[in-house]
Amino acid sequence: MSLCQHCSAPLPANTDKCIYCGARNDVDLHAKLDYDVVRQQSERLCPHCEKPLQTIDLHLDGAFLIERCEDCFGLFFDPGQIETLLESSVSHVFEINLEHLDNINKDRFQGNKPVKYVKCPVCHVLMNRNAYGYRSGVIIDRCRNHGVWLDSGEITHLMEWKKAGGQLLQDKHAASENRKAESNHRAMSSQTNNVLDYRVDADELDIFNAVAAVITKLF
Ligand SMILES: [Zn+2]
Ligand SMILES: [Zn+2]
Ligand SMILES: [Zn+2]
């Protein structure tokens with residue numbers, strides 16, 4: 001469990017606001033990711049506070065610039081950057097720990113968080129709300145053209161999800177969905193073949209006619 005940076009009281013996983021001193025904590029960057037502020041005010045606006053976001057550099061294999069709100073500590077990533085960050089900070093996961101995944105979601109569940117559509121920091125069009133990854137429990141705000149907004153704490157949640165094997169579980173899930181789609185497709189095309197068989201096979205055609213006759217009688 002992390003501690004409040006102001007009064008050192010324990011800080012539960014589902015909040016960045018200390019219940020003892022009321023201070024907001026930057027739970028994502030403080031003591032976790034090394035960063036420099038490149039520009040104090042970018043042209044991008046925080047979707048919650050509507051103030052200019054800072055541009056910060058996380059230094060992953062060279063410059064890695066994202067935007068950050070100094071007030072609510074939300075982060076804005078260009079398309080693909082979250083995947084890169086997760087890849088570089090959480091690697092070598094070979095096991096899926098379902099119990100741990102459930103616990104992460106329970107600990108981090110923010111029951112009082114209102115559902116709210118927010119504007120893209122770049123184009124100011126309302127963003128879509130999507131679940132990030134399979135069973136991650138994180139709902140992200142995404143602009144198809146400009147990137148993804150994460151509220152304070154969500155990148156930490158995604159890192160824990162990936163560490164507990166969430167990404168592996170997602171890959172497995174995607175593979176089984178693909179297999180299902182493929183076997184459905186095969187079943188469909190074999191049905192089509194059966195229909196063609198009826199046309200050429202006289203015996204089958206008789207059965208078909210008999211069934212058709214019964215159905216006609218029924219109605
Ligand atoms: Zn505190
Ligand atoms: Zn903000
Ligand atoms: Zn946009």
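Guide: Let us go from the whole chain to its sheet and then to one helix. This is a predicted model, where local features need pLDDT of at least 70, side-chain atom pairs count only at pLDDT 80 or more, and totals for chains, interfaces and linings use all residues. Residues are numbered from 1 along each chain as its sequence is written, while chains are lettered from A and ligands numbered from 1 in the order in which they are written.

Visitor: How many helices and strands does the chain have?

Guide: Helices (H or I, at least four residues) and strands (E, at least two) are DSSP runs, numbered from the N terminus. Here there are 5 helices and 9 strands.

Visitor: In what order do the strands of the sheet lie?

Guide: Strands pair if DSSP finds at least two bridges between them. In this open sheet, 7 strands pair in the antiparallel sense, in the order β3-β4-β5-β6-β9-β8-β7. At the edges, β3 (36-39) and β7 (128-131) each pair on one side only. Between β3 and β4 (residues 54-57) there are 3 bridges; Asp36 has Asp57 in β4 as its bridge partner.

Visitor: Which residues of helix α1 are buried?

Guide: Count the other C-beta atoms, placed from the backbone, within 10 Å of a residue's own: 20 or more means buried, 12 or fewer exposed, and in between partly exposed. In α1 (residues 81-89), Ile82, Leu85 and Leu86 are buried. They fall within an arc of 95° seen down the axis of α1, so they line one face of the helix (the arc is that of the directions from the helix axis to the C-beta atoms). Glu83, Glu87 and Ser88 are exposed on the other side of α1.
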